[in-house]
Amino acid sequence: MDEQQFVGLLEALLQPDTERVKSATATLNKTYYTSPASLNALLQIICNHPKPELRQLAAVEARKLVSKHWSSLPADQKSTLRNQICQFTLNEDTTLTRHSAARVIAAIATRDFEDGEWGDLPAFLQQAATSSTARHREVGTYIMWTTLETVGDAFPGKKSDLYTLFGSTIKDPESAEVRVNTMLALSRLAMLLEPDEEPKELALFQEMVPGMVAVLQATVQEGDEDHALQAFEVFQTLLGCESALLQKHFADLVKFMIDLAANTEVDDDYRSQALAFLMQCVRYRKLKVQALRIGEELTLKALQIVTELGDLASEDEDITPARSALGLLDILASSLPPSQVVIPLLKALGGYFSSQNPDYRQAGVLALGMCVEGAPDFIATQLHEILPAVLGLLEDSDLKVRGAALNGVARLADDLAEDVGKEHATLIPAMMKNFDLVINNLNDERSLQIVRGSCHAVDSLIEGLDPEDAAKYVSELVPRFSKLFHHEDLKTKVASIGAVGSIASASEQAFLPFFEQTMSALSPYVSIKDSQEELELRGVVCDSIGKIASAVGAQPFQPYLMPLMQASEEALHLDHPRLRETSYILWSTMAKVYEEGFEQFLAGAVKGLSDCLEQDEDAELVELGEQAKDLIGTEVTIEGRKVKVAAATDDDDDDSDLNEAAMDADDEWDDLAGVSAVAMEKEIAAEVLGDIISHSKRAFLPYLQSTIEKLLELVEHTYEGIRKAALGTLWRTYATLFQMAESDGMAKWKPGLPPQVDPPADLKKFGNLVMTATLALWQDEMDRGTVTDINRDLGSTLKLCGPSVLMTEKGTAVPEIVQQLLSIITKRHPCQQDLGDEDDGEILDESSEYDWLLIETAMEVVTCLSVVLGPAFGELWKAFEKPIVKYASSQEPLERSAAVGAIAECVGNMGEACGPYTTNLLKLLVHRLSDEDPETKSNAVYGIGLLCEKTTKDDEILSQLPTIFGKIEPLLDAQNQARLLDNTAGCVSRFISKYPDKMPIAEVLPRLIQLLPLREDYEENKPIFSMIVKLYQANEPTIQQATPTLMPIFEQVLGPPEDQLEDETRAQLVELVKYLRK
């Protein structure tokens, strides 16, 4: 081997000449790296070459070749090389080279330990780690860390000896590097530790935690940034390990981080790191945080930190404690119950809103906005107090407070569109006033922020309005905002265009007078592509035009369709993920607008979406060379997305370093990984396919087979967004095909198993595939949102397609479905546990709103099962009764009303099979007639009516009649609660129909007629008019006398809206009216 040429080629790799680098790489790979001698040569260069940069490069290259050639070297040569590289590494002065050489040692150890060799390495490392020379201790602990990282459990010797050593090195009196290396090594041990199998090791690890906290504390106090960040990273890693590791010190650790985050004397970077740790704590140790009841302290400290935000209009987008605190509030609100976050926040906001300090007023309204998404139901009940305060802030004397208030309105409206929309008459004029005050003076960022804020607030708010209400503002808003379509500031342009799209979407036909001029102004932007800014603007314009198309309809939009679709296909090739996503969403909109008329574009759309789903996600990983080192720490834009450039680590190998033993079967680490831009793009593509399939129907059939195959593969993707979207689209596809089969003559399904209607063979086969994929994902899925969506998908498909959905090639899926539903309703599902927890923790009574949504959607699947199984569901109710009844006595009104509603629906659907459960259910429902919550009361009335109608235990019902009617009578005075009165009318009608001879009809009927026509719950028209028809057929005198009062009511319900009556009830009523007119 020509050693001189070999060294020359390595030196060429360090030159800033791309062609020379390429040529040298090719020669090395082809001529030298195929031979074991190259590894020996590289190891000699590491140990002996005078240039540190060449020693460093040789180490990086050698590490790649160890797995390939180390075993082929002669034993005596290997022994010499081991000694040489160990001695060299101990004494190397250059840190990066020292670290790279240490990783070569770790790579060699991996091979040697497998072959039962290098048994004296641990003793060498022990000696180095306890040397009197600090440098040697640093090298020893560093090699220990990197070797543990690589070999994991294959590290020779007793773990207890390692803990004894680390107990000493974590308190190293001289070197922060020794202390931090020890922490890093401990984090690797943590990833391998199985607490149930190794209780002694668990105890040893737990003893180390206070020392680890002390190391972090010291690095922060000394301003040692590099080591502090490594120490923070170790604690982040521990959150992804078994929860028992931190359990003993968890409360102290969280308290330490809260105090660190709130301490304004500490450097902002460290405070932001502490807040990031707390965010991960709440995300992955939610149940522990909730049980500690520290949500309130976290909320109030975070709120205080937000006051440091300063000027929101600042262009500076660096991570700051105030911005991190807003992120923490967001996660707290969606993870913990309202009692620990939103209630204390709202109590504190009064003082913030009325503060003399504008920073406090701004902080208050921004914090409120961050918490809406996590607790919309609770905040909706407080809007009567919140909105007047926010309106006051929209007129604040300080411009930045007004900007924050506009942001607050936008966030409130995003999640509470209908509730906030009811106040449009006061909110929209207040926004317009803010807009008008600054529109003629757009020279500074603060004024632009108000204009953008007004656009965003209108954008969010107007979507919650009925078309007739939205129509009132079109002529006021569109001329104002359209003047900004060509403003020089990109963000302002984007905000105004987005707002006009939403105004169109909300106002529908009322937008037509502005349609032509808006399209004329926006059309030029559809094909711009000369810069990143132009591509971003093009995406927003296409989104907005899609909304305009859905507002004005297919015919008026036709002239613009073809150029827009051509532009959307071109956008796929402009290297901008956001723009590609815009194209997909646009196709979804056009499929909805044109339905089967979208067929002419299907080939292009399906190809674009299929190409997206087939993208290689690993292709995103970019290797930045020597020339890019000036970019470290900055943000660059790659394909339209901002990416932070990190320094190359010492770890430069292609092989994965993470020990596989740390990756258990559940692969919980996936949850901690970042999500790539390609993955997010695939998520949107999978969702859009669902829209296109369900709207284009038969036209899509030629593309169906290949699309289904791709989607089934994606159900097991590592990113939960893709799993959720793929499965949702598969269920939508099944429902679409089922409806097509029905329209082709397949009979309507009937309740009960086995199914009485047999779907076509292909449809059965497809249903089996989707159900099998669903059951596999459902039982192990760790993501709460994905499980919630599975519940929704399954429930809606059952309702639409009936019991054939439940059949797989193994028979019925009912037992597995019941098992999953029970695990969710009893809070035992994997997605309801903390990361790394087994299913044996304490079950907490309170839930965050998203946790409750998961349980509520599971209850909805239970009611859907009762719909498709009919009387056969009676047997399943044995399993569901106890857990659902438990929620009917919850402290939370939302939980009580959902449980009582589910009970009522199940009773109605199982029919006579409810007989054996009558005693318990009657007692519960009668008790809930006095509930303080109107929704719960309404559901209880509904349930009692159904129980009376369906049960065979008439004696039990009749014995309770006086009690029932004693509780129902006061409900008739609730004139402002339409649903309660509608359900009361339905309930009384069911009693009269079932027991006409036991009811005082002459007293009851006139009161019942006063409740007609129903105002909200039209389903109850069925029992009411069925009862009225029966009474006329029996010539009952009270009803005969009431005919003059009833005739106008009959006319009203037979008129619009059409959905007041089902077809059967309508036919009965038409016959009755004809008879009465005779």
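Predicted model: local features only at pLDDT ≥ 70, side-chain atom pairs only at ≥ 80, totals over all residues.

Trainee: Which residues belong to domain 1 and domain 2?

Mentor: The domain assignment puts 1-69 + 81-111 in domain 1 and 974-1077 in domain 2.

Trainee: What about the largest nonpolar core, how many residues is that?

Mentor: That core has 367 residues. The members touching the most other members are L412, F557, F598, F991 and I1028.

Trainee: And which helix gives the most to this core?

Mentor: Helix α36, residues 720-743, which contributes 12 residues. Domain 1 and domain 2 each supply at least three residues to the core as well.

Trainee: Back to F557. What does F557 touch?

Mentor: Leaving out residues up to four places away in sequence, F557 touches F515, M519, I545, A549, V552, L564, M590 and Y594.

Trainee: New topic: helix packing. Are α25 and α27 roughly parallel or roughly antiparallel?

Mentor: Their axes cross at roughly 5 degrees and come within 12 Å. Angles under 35 degrees count as roughly parallel, so α25 and α27 are roughly parallel to each other. For orientation, α25 covers residues 424-438 and α27 covers residues 467-482.

Trainee: Which residues make the contact?

Mentor: From α25, H424, A425, I428, M432, F435 and D436. From α27, D469, K472, Y473, L477, R480 and F481.

Trainee: How many of those are nonpolar, polar and charged?

Mentor: The contact of α25 with α27 has 7 nonpolar residues, 1 polar and 4 charged.

Conventions:
Residues numbered from 1 in each chain as written. Heavy atoms only, no water. Core = buried A, V, L, I, M, F, W, Y, C linked by side-chain atoms within 4.5 Å. Buried < 20%, exposed > 50% of the residue type's maximum accessible area, 1.4 Å probe, protein only. Helix = DSSP H or I, 4+ residues; strand = E, 2+ residues; numbered from the N terminus. Domains from an automatic or database assignment. Contact = heavy atoms within 4.5 Å. Axes fitted to C-alpha atoms, helices over the stretch in contact; angles between N-to-C directions. Parallel < 35°, antiparallel > 145°, perpendicular 65-115°, else oblique. Nonpolar A, V, L, I, M, F, W, Y, C, P; charged D, E, K, R; others polar.
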